[in-house]
Amino acid sequence: MDLRARAVQAGVAAGLDRIGVAAVDPFDDVRREMEERLADGRSGKLRFTFKDPAAATDVRRSFPWARSLVVGIRSYLPGAGTPPRRPGHGRIARFAVDDPYPPLRHGLEAIASVLRETGARAEVLVDDDRLVDRGAAVRAGVAWWGKSTMAITPGLGPWFVIGSVVTDAHFEADKPMKRSCGTCDACLPACPTGALVAPGVLDARRCLAAIAQSPGVVPREFREAMGDRLYGCDECLDACPPGSRLVIRSRASERGSVDLRWVLEAADETLLARFGHFYLPRRSPRFLRRNALVAMGNDGDPSLLDIVAFHAGHPDWLLRAHAVWAMARIGGEAVRPVLEGLLSREQHPGVRAELEAEMSAA
């Protein structure tokens with residue numbers, strides 16, 4: 001058995017669902033697309049690979065010795081389940097119910113071990129800003145690039161994570177998959193905010209998944225669309241026909257449904273222990289609490305009003321600002337005198353802007 005076959009066999013045995021090989025030539029088309037998104041603002045507050053598109057699309061900038069990319073993908077469905085919608089609870093997108101990356105890394109490390117045993121250099125890249133992983137997956141023939149901007153593969157749909165092994169071993173590259181979305185564009189109208197502005201073009205400023213993990217205030221125009229989402233959004237993936245079939249086979253899982261009151265009451269250490277794999281700006285749980293307050297406002301349950309009102313006096317201005325919005329959604333006209341009192345005392349301009357917006361809307 002040759003080296004490539006042994007490496008692939010090791011990756012499959014370690015749990016990878018698909019494996020392919022890609023050349024290490026720069027992803028020039030992807031770089032141009034990323035630079036366009038940065039120039040027109042549609043990259044929003046996304047950083048990661050967008051902070052240095054030139055490096056992210058040319059793996060040899062970080063690994064000058066690279067000769068091949070061995071790309072692997074691993075599905076997180078049906079195991080992640082389907083989070084149910086429950087009063088007083090927020091939903092987590094399926095990819096984040098558990099950390100999907102350790103099993104992926106395990107499979108890629110198995111490949112890297114086989115390569116290293118022969119004296120080859122091998123570096124595992126998982127969730128790494130030095131490589132555009134979707135571009136690598138498409139080039140390696142394990143997926144195609146969908147109109148949702150997600151990578152899609154037969155049998156798994158878009159429900160998988162991607163990683164690569166950079167190596168100085170030379171392997172013949174696989175051909176890109178001869179598949180596409182064809183005439184299907186079900187993902188585009190499925191987006192709650194119209195973030196998919198054209199096939200394959202995402203405006204991250206409107207994407208709820210991006211907003212949920214971005215710093216600052218959740219834009220008022222998107223708060224109702226956030227619904228009960230605590231983290232992430234699955235709408236375009238749910239609408240994808242190759243993906244929806246896998247969702248149907250998934251069982252409901254309460255692990256993806258989180259008590260919103262608990263999110264507000266839990267200590268920082270507790271939240272980070274449970275959700276440490278989330279992308280949180282500066283690793284701060286305040287952004288989870290911010291999202292929870294938006295979800296509470298959309299829930300509208302009067303039993304949540306006490307804890308929301310408590311956070312309207314929170315030392316963190318960001319939480320006060322979103323608590324004000326949630327109070328108005330839950331309490332309506334009955335809380336107007338409270339909001340007026342808060343406005344008379346509030347000093348922070350961000351919170352004052354929220355209070356003034358509620359006063360003018362009443």
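Helix H15 covers residues 317-331, and its 15 residues reach 21 Å from first to last C-alpha, close to the 21 Å expected at 1.5 Å a residue. That expected span is 1.5 Å times one less than the number of residues in the helix. Helices (H or I, at least four residues) and strands (E, at least two) are DSSP runs, numbered from the N terminus. The model is predicted, with local features requiring pLDDT of at least 70 and side-chain atom pairs counted only at pLDDT 80 or more, while totals for chains, interfaces and linings use all residues. Residues are numbered from 1 along each chain as its sequence is written, and side-chain values use heavy atoms, with hydrogens and water left out.

H15 is largely enclosed by the rest of the structure, because 13 of its 15 residues are buried. Buried here means under 20% relative accessible area, exposed means over 50%, and partly exposed lies in between (1.4 Å probe, protein chains only). At the start of H15, a side-chain oxygen of Asp316 comes to within 2.9 Å of the backbone nitrogen of Leu318. After the helix comes Gly332, with a positive phi near 60°.

Arg286 is found in helix H13 and is buried, with a relative accessible area of 19%. Beyond its neighbours within four places in sequence, Arg286 is in contact (heavy atoms within 4.5 Å) with Asp316, Trp317, Leu318 and Leu319.

H13 itself runs over residues 286-299, and its 14 residues reach 20 Å from first to last C-alpha, close to the 20 Å expected. The helix is mostly covered, with 12 of its 14 residues buried; among them are Phe287, Leu288, Arg289, Arg290 and Asn291. Just after H13, Gly300 takes a positive phi of about 75°. In the loop between helix H12 (268-275) and H13 lies Arg282. Phi of Arg282 is also positive, near 55°, in a residue other than glycine, and Arg282 counts as exposed at 62% relative accessibility.

Another non-glycine residue with a positive phi is Thr149, at about 80°. Thr149 sits in the loop between strand E5 (144-145) and strand E6 (151-152) and, at 12% relative accessibility, counts as buried. In the loop between strand E2 (68-75) and E3 is Pro78; the peptide bond from Leu77 to Pro78 is cis, with omega near 5°.

Strand E3 (89-92) also takes part in the second largest pocket, where E3, strand E10 (229-231) and helix H9 (235-239) are the elements that give two or more residues to the lining. A pocket is an open set of points on a 1 Å grid over the protein atoms alone where a 1.4 Å probe fits, with protein on both sides within 12 Å along at least five of seven lines; lining residues have an atom within 4 Å of a point. The lining has 14 residues, of which Pro83, Arg91, Ile92, Arg94 and Asp234 lie nearest the pocket centre.

How values were computed
A polar contact is a pair of N or O atoms within 3.5 Å; within protein, one must be able to donate a hydrogen and the other to accept it, and residues adjacent in sequence count only if both atoms are side-chain atoms.
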